[in-house]
Amino acid sequence: MKSFTVTGMSCAACGSRVEKAVLALEGVKSCAVNVLSGSMTVDGEASAPDVIRAVENAGYAAAEAKDGSRLRDEDLYRNFRALKRRFVSSLLLLLPLLYLSMGHDMFSLPAPDFLVESHAGHALEMVLALLVMIVNTQVFVRGFGSLLRFAPNMDSLVALGSAVSFLWSCREFFADPSLHEAADGQCLYFESAAMILTFVALGKMLEERAKATTVSAVTRLAEMMPEIATAVRDGKEARIPAEELKRGEIFLVRPGETVPADGVIVSGQTSVNEAALTGESMPSDRGPGDEICAATVNLTGLIRCQAVGTGADTVFSRLVRMVKEASESKAPVARIADRVAGIFVPAVMLISFVTFCAWSYLGAEPGVALSFAVAVLVISCPCALGLATPAAIMAGCGISAKHGILFKNAQALEQAGKIRVAAFDKTGTLTRGLAEVARIVPAEGISRKELVAVACGLEHYSNHPAAAAVRRLEAEGGYEILAPESLEELPGRGVCATLEDQTLRGGSLRFIRDHVRISDTETEKIRHQASLGRSLILFARNDSYLGMIALTDQIREDASFGIQMLKKNGIRTVMISGDLQASAQAVAQSVGIDETVAGVKPDGKAEILLELKKNGPVAMIGDGVNDAPALAASDVSFAMRSGTDIASDAADVVLMNSRISDVFAAVRISRATLRVIYQNLFWAFAYNVACIPLAAGVFSQTLGWHPDPAIAAAAMSLSSICVVTNALRLNFMRFADWNNSKTLNKEDKKMNETEKKIQKTIAIEGMMCAHCEAHVRKALEALDGVESAQASHDSGSAVATLSHEVDDSALKQAVEQAGYTVTAIR
């Protein structure tokens with residue numbers, strides 16, 4: 001896909017004309033023109049020179065957009081400053097013209113006698129109007145140029161309206177130099193010709209400023225990248241342009257500096273602000289071996305890094321490119337405006353001609369008929385139609401990027417707000433894909449400390465992902481960790497070690513059973529833990545079974561809240577997992593998922609999505625390679641940034657913070673953007689439908705009002721400003737700040753407060769039945785500060801929800817007084 005910048009476009013008709021010209025080229029599959037940003041994306045085999053030539057033949061200028069090029073505020077506002085100069089010059093010429101034409105007659109302002117209703121006064125009016133037209137030469141060059149190519153646009157309407165008013169006035173002036181407002185109805189329109197151009201210049205200036213503000217929400221992302229990097233070359237520091245930094249080079253980042261490239265920290269410890277990538281301002285600690293991304297800010301320490309991604313190959317550059325492409329793409333809803341824009345200007349010109357003929361036929365003086373015709377030309381506004389969708393899309397993409405939500409195209413932005421079903425993968429999506437200890441189950445006659453000492457000694461040097469969860473038990477303290485003399489990892493089975501004359505083993509049930517006998521009682525315990533969907537690591541010493549540690553996947557902190565928010569807004573939630581039914585159901589129940597489908601293979605996920613689509617548009621949220629087919633099959637797909645590159649490539653939306661709650665934030669942004677688009681389209685259509693008949697004089701007899709061309713020009717300018725300003729409202733809305741009173745109703749706040757209450761998990765031994773659970777719950781809830789408690793003899797734990805901090809010793813004492821043993825509190 002190639003990107004181009006296009007200059008000279010002024011309205012939706014211009015964009016439609018450019019699209020038609022490029023689509024006519026052989027090999028072009030699709031073309032999307034964004035009038036707002038003056039950009040164009042072309043997909044196909046056509047060469048860049050051919051595309052540029054086609055645009056130039058259509059009457060516009062084009063150039064290929066370069067990767068990594070920066071668009072600064074000064075570039076965004078350059079056109080605004082040029083229009084401001086044009087408006088000020090036009091206004092300075094218009095004021096004396098209005099003083100001459102209306103000041104004396106309408107307001108009895110003093111004026112020299114030789115200029116009042118005289119040949120000299122009218123001649124001066126003509127000169128001033130001509131000077132205003134010269135200042136606005138571009139309008140006539142573009143307008144009449146488009147007419148000659150049979151592709152009229154908004155400039156054509158303005159140029160025609162102003163030129164016809166001026167030429168008619170010149171005809172009347174030279175026919176009778178003393179005539180200004182004769183009784184027979186003939187009149188001069190020099191002030192109208194100038195006012196049309198001045199009001200249009202004012203409208204364009206304000207519109208350009210609003211457009212620049214909208215565009216800068218996206219382009220300002222690129223400015224977060226530093227221009228200078230400190231590279232280490234030949235043992236010396238060298239300050240070089242950041243784009244010259246090469247992969248594999250060592251570079252330094254001092255406290256307060258922005259990281260110039262993706263890299264791996266070689267030496268140094270620091271905290272990093274990753275707000276540019278994730279929208280989160282909370283710092284993250286980094287040390288040797290940790291990855292660091294470009295555009296993040298080094299907060300505390302000096303670090304040396306090795307570059308692994310530079311220039312356009314950094315994560316941040318891809319992020320900016322993704323946002324830019326999304327903001328420049330077209331949403332399906334924009335097709336309505338595109339179809340209308342293609343015939344709008346010719347239709348307005350035809351209506352203007354019919355208006356002139358109709359009033360002339362009804363007996364109106366030529367000057368009056370002309371006034372109605374010119375009013376029709378200048379009051380119509382194809383600009384509002386052209387800006388209605390891209391202004392909102394660009395604002396929506398910009399605000400979502402600030403919140404760490406990246407829409408890859410406008411279609412995804414539109415579709416996200418329409419979803420009726422949200423399908424989630426389990427591992428790595430609803431859960432972190434990071435194991436944690438759920439239950440420690442020593443064998444009969446073996447103490448907890450003895451089992452943990454053996455387990456930590458065996459798993460301390462293991463690279464298996466589950467071993468990390470066991471090693472975290474060491475942090476609890478109080479265990480005498482064994483140090484094996486030799487250790488051997490057996491892939492797919494477990495680990496074996498020797499300590500003095502003892503042989504220690506840890507691993508799967510099959511591995512342990514090959515070496516020791518497990519009693520029926522212990523086997524039943526193993527079956528029970530397995531039925532809960534937990535991963536089990538069993539341990540043995542010589543020929544004795546020591547017990548097991550049951551592991552579970554950590555559920556994301558915001559998963560329950562995010563699911564509840566989706567459900568509250570009428571979106572059905574489904575979990576599709578390849579895990580066992582027990583494991584999947586446990587996660588689904590804890591986060592509040594409506595429906596669970598377990599034991600599904602990767603290709604089967606896509607088939608399930610096709611079934612779900614019968615209930616409406618479906619979103620798929622995943623993170624791994626196995627989710628890619630399902631992501632591609634959904635109506636709109638979300639991928640966690642913490643997942644694989646394949647999932648991110650296949651998805652329509654990337655969640656940079658890897659938060660489930662951001663799925664709902666994306667839905668809200670989409671819905672808000674769609675509302676703005678519909679509001680803009682309604683305004684654009686309603687304005688034209690109402691104002692064109694008004695300008696044509698259809699209601700002049702009823703209202704007793706004659707539309708002045710100058711007032712019509714002011715109304716046309718105002719309509720475009722309203723459309724862009726309405727889109728800017730998106731920048732002031734909050735979508736991901738769940739504590740903000742403007743974005744949450746009272747019920748949402750209550751739910752959020754519940755999420756934020758303190759919860760402590762208490763590991764308890766001795767609970768055997770539902771009666772034990774009730775005793776523990778009653779003992780805990782009797783404590784001051786414990787709002788509620790839930791106990792489970794299956795998991796051997798209780799969860800206490802606290803209104804304020806309660807000391808661990810008080811919780812332990814309450815449980816032990818009830819007759820049970822507390823082994824840990826988290």
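Me: Buried means under 20% relative accessible area, exposed means over 50%, and partly exposed is in between (1.4 Å probe, protein chains only). Which residues of helix H2 are buried?

Reply: This is a predicted model, where local features need pLDDT of at least 70 and side-chain atom pairs count only at pLDDT 80 or more, while totals for chains, interfaces and linings use all residues. Residues are numbered from 1 along each chain as its sequence is written, and side-chain values use heavy atoms, with hydrogens and water left out. Helices (H or I, at least four residues) and strands (E, at least two) are DSSP runs, numbered from the N terminus. Helix H2 covers residues 48-57, and its buried residues are Ala48, Val51, Ile52, Ala54 and Val55.

Me: Which strands form the open sheet, and in what order?

Reply: Two strands pair if DSSP finds at least two bridges between them. Here 6 strands form an open sheet in the order S6-S5-S7-S13-S8-S11, with antiparallel pairing. Strands S6 (236-241) and S11 (291-292) are the edges, each pairing on one side only. Strand S8 (residues 262-267) is joined to strand S13 (residues 303-309) by 5 bridges, and Asp262 stands opposite Gly309 in S13. S8 is also joined to S11, by 2 bridges; there Val264 has Glu291 as its bridge partner.

Me: How many salt bridges does the structure hold?

Reply: Side chains of opposite charge can pair when their charged atoms come close. A salt bridge is a side-chain nitrogen of Lys or Arg within 4 Å of a carboxyl oxygen of Asp or Glu. The structure holds 16 salt bridges. Among them is Arg254 with Glu237, whose closest N and O atoms are 2.6 Å apart. Arg254 lies in the loop between strand S7 (250-253) and S8, and Glu237 in strand S6, so the pair ties together parts 17 residues apart in sequence.

Me: Which salt bridge partner does Arg432 have?

Reply: Arg432 pairs with Glu557, the closest N and O atoms being 2.4 Å apart. Glu557 is in the loop between strand S21 (544-555) and helix H20 (559-568), and Arg432 is in strand S16 (residues 431-442), so this pair ties together parts 125 residues apart in sequence. Glu557 is exposed at 58% relative accessibility, while Arg432 is partly exposed at 37%.
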